[in-house]
Amino acid sequence: MSEDFRNVKVLVVDDEQPILELLCEVLERRGFDVYPASDGEQGIEIFKRENPTVVLTDIKLPRASGIEILKFVKKVSPITQVIMISGYGTTDDVIKALRLGACDYLMKPFNVGILVHTVIRSVERYELIMERISRQETLEKEVRERTAALTNTFHETVKALGLLTEKRDPYTAGHQNRVALLAMGIGRKLGLTPKELDVIQVASLLHDIGKVAVPVELLTKPTKLSLPEAELIKSHPQAGYDIIKDIPFVDSLGKDVSIIVLQHHERLDGSGYPRGLKSEELELESKILSVSDVVEAMSSHRPYRAAMDMESAKAEIAEGSGKIYSPECVDACLLLIEEHKDNNGELFGYLAQYSRRIHENL
Ligand SMILES: [Fe+2]
C-alpha cells in the first residue's frame with residue numbers, strides 16, 4: 001500500500017478554527033494534500049471541486065451539518081471515505097452516520113496519532129476498493145471481448161456451413177443468404193427483437209444444410225425428377241436436423257435452430273414435409289422461413305426452370321396465404337416487397353444493410 005500521500009486529497013471540515021488548523025497541520029505534515037472548510041456549505045463546494053479521497057468532518061456545523069455533507073458525498077461518490085468527528089452529545093449522530101456509510105469516527109478531544117492512523121486506514125480502504133473495481137472492470141472487459149470473439153466465430157462458422165451447401169449446388173449460390181435477409185425483414189415487420197432476428201438469420205443460413213446428404217446430380221438435374229428422386233430431395237430437412245441437432249443453439253441464441261430447419265418445408269394445412277405438421281405445431285420462425293424461402297427461390301434461376309419474377313412469387317404466397325403460408329408472414333413479406341416495388345433490385349441490398357445494423361445492436 002502506498003505511503004506517499006502527496007496526491008491523496010483530504011477535505012477537513014470544522015467550524016472551530018483552532019481545531020481545523022490543527023487537523024490540517026497534522027495531516028499536511030504527514031504529506032496529505034489538505035483542503036480546509038469552516039462550514040458545511042463550504043465543505044460541499046470544495047468536495048464538488050476537488051473530489052477528495054477522504055472527508056474528515058465535524059458533525060455539528062453551521063450551514064449544512066456533517067450528516068448532510070456525508071449524505072451528499074455518499075450520493076455523488078459512494079467510495080469516498082468519510083470520517084466523522086464527534087463532540088459532546090453527538091453519539092446518536094455517530095451511529096446514524098455509520099449507518100449512512102461513514103467509515104469511521106473520532107471523538108473530541110482526539111489523539112493526533114489516532115487521527116493520522118484513522119485517515120491512513122481509510123485511504124488504504126479506498127485503494128482496496130479502487131483495486132477491486134479496476135479488477136472487476138478488467139474482468140468484465142475480457143468477458144465482453146471473448147464473448148464478441150466467440151459470437152463472431154459462431155456466425156462465421158454458420159456462414160461457412162451454409163456455403164458448404166451452396167458449393168455443391170452452384171445454381172443456389174447466395175440463396176440461403178438472401179432467404180436470411182428476407183426472413184429477417186419479415187421478422188422485423190412482425191416486431192421480433194434483434195435476438196429473435198438473429199435466430200431467424202442462423203436458421204435461414206443453415207436451412208438447406210441437409211442437402212449435403214442428397215446426391216449432387218439430383219440437386220442440379222435439369223429435367224423433371226422421378227418420384228424416388230423427389231423423395232430423396234425431400235429428406236433434406238430431416239438430414240439437416242440430424243446434422244445440427246446437437247449444436248447447443250439454445251445456449252447462444254436462446255432457441256433451438258435445428259427444429260426450425262426441420263420444419264422449413266412444413267405447411268399450415270399439414271401438406272408439407274417431413275412430418276405433415278399443422279399451423280399450431282409450427283414455430284413462428286419456420287413459418288417466416290417457408291415464406292422467404294419460396295419467394296427467394298421463385299425469383300431466382302433454377303436448373304429445371306427459368307427465373308420467374310417477383311410478381312410470380314407474390315402471387316404464389318398471396319394464393320397460399322392462410323392455407324399453406326402464415327397470413328401474418330405473407331402480409332409482412334408483401335408489405336416489404338411493396339415498399340421496394342420501384343427498385344426490387346435494391347430490396348436485398350436494403351435488407352443487407354438492415355442485417356448489419358441488427359448485429360451492431362446485438
Ligand atoms: Fe429446403
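This is a predicted model: local features need pLDDT of at least 70, side-chain atom pairs count only at pLDDT 80 or more; totals for chains, interfaces and linings use all residues.
Residues are numbered from 1 along each chain as its sequence is written.

**Overall build**

- The chain holds 16 helices and five strands; helices (H or I, at least four residues) and strands (E, at least two) are DSSP runs, numbered from the N terminus.
- The radius of gyration of the chain is 35 Å, whereas a compact globule of 362 residues would have one near 21 Å. That radius is taken over C-alpha atoms, and the globule rule is 2.2 Å times the number of residues to the power 0.38.
- Along the principal axes, the C-alpha atoms fill a box of roughly 105 × 35 × 35 Å.
- Domain 1 covers 9-138 and domain 2 covers 169-361, with bounds that come from an automatic or database domain assignment.
- The C-alpha centres of domain 1 and domain 2 are 66 Å apart.
- Of the 362 residues in the chain, 35% are buried. A residue counts as buried if 20 or more other C-beta atoms lie within 10 Å of its own, as exposed if 12 or fewer do, and as partly exposed in between, with C-beta atoms placed from the backbone.
- Among contacts between residues at least 6 apart in sequence, 63% join residues at least 24 apart; a contact means C-beta atoms, placed from the backbone, within 7 Å.

**Parallel strands**

- Strand β1 (residues 9-13) has four of its five residues buried, so the rest of the structure largely encloses it.
- β1 pairs in the parallel sense with β2 (residues 33-37) over five bridges, and also in the parallel sense with β3 over four bridges. Pairing here requires that DSSP finds at least two bridges between two strands.
- On the β3 side, V13 stands opposite T57.
- Five of the five residues of β3 are buried, so β3 too is largely enclosed by the rest of the structure.
- From β3, V54, L56 and D58 point one way, while V55 and T57 point the other way, and all are buried. In a regular strand the side chains alternate between the two faces of the sheet.
- β3 runs parallel to β4 (residues 81-86), joined by five bridges, and V55 has V82 as its bridge partner in β4.
- Two right-handed β-α-β units turn up: β1, α1 (residues 17-29) and β2 make one, and β3, α3 and β4 make another. Right-handed means that, with the strands pointing away from the viewer, the path from the first strand over the helix to the second runs clockwise.

**Nonpolar cores**

- The largest nonpolar core has 39 residues, and A183, A203, L206, V257, V261, V291 and C333 have the most contacts inside it. Such a core is a set of buried Ala, Val, Leu, Ile, Met, Phe, Trp, Tyr and Cys residues joined through C-beta atoms within 7 Å.
- The elements giving two or more residues to this core are α6 (175-189), α7 (194-206), α10 (236-244), α12 (257-262), α13 (284-298), α14 (310-320) and α15 (327-339).
- Leaving aside residues up to four places away in sequence, L206 touches V158, L161, G162, G240, I244, V257 and V261.
- Apart from that core lies another, of 32 residues, including L23, V34, I44 and V94.

**Backbone details to check**

- The peptide bond from K108 to P109 is cis, with omega near -5°, and P109 is found in the loop between β5 (104-107) and α5 (112-168).
- Another cis peptide bond runs from Y273 to P274, with omega near 10°; P274 is in the loop between α12 and α13.
- N51, in the loop between α2 (40-50) and β3 (54-58), has a positive phi near 45° although it is not glycine.
- A64, in the loop between β3 and α3 (66-76), has a positive phi near 90°, again in a residue other than glycine. A64 is partly exposed, with 18 other C-beta atoms within 10 Å.

**A spot in α5**

- I129 sits in helix α5 and is partly exposed, with 14 other C-beta atoms within 10 Å.
- I129 and Y105 are 24 residues apart in sequence and, C-alpha to C-alpha, 19 Å apart in space.

Conventions: Two residues are in contact if their C-beta atoms, placed from the backbone, lie within 7 Å.
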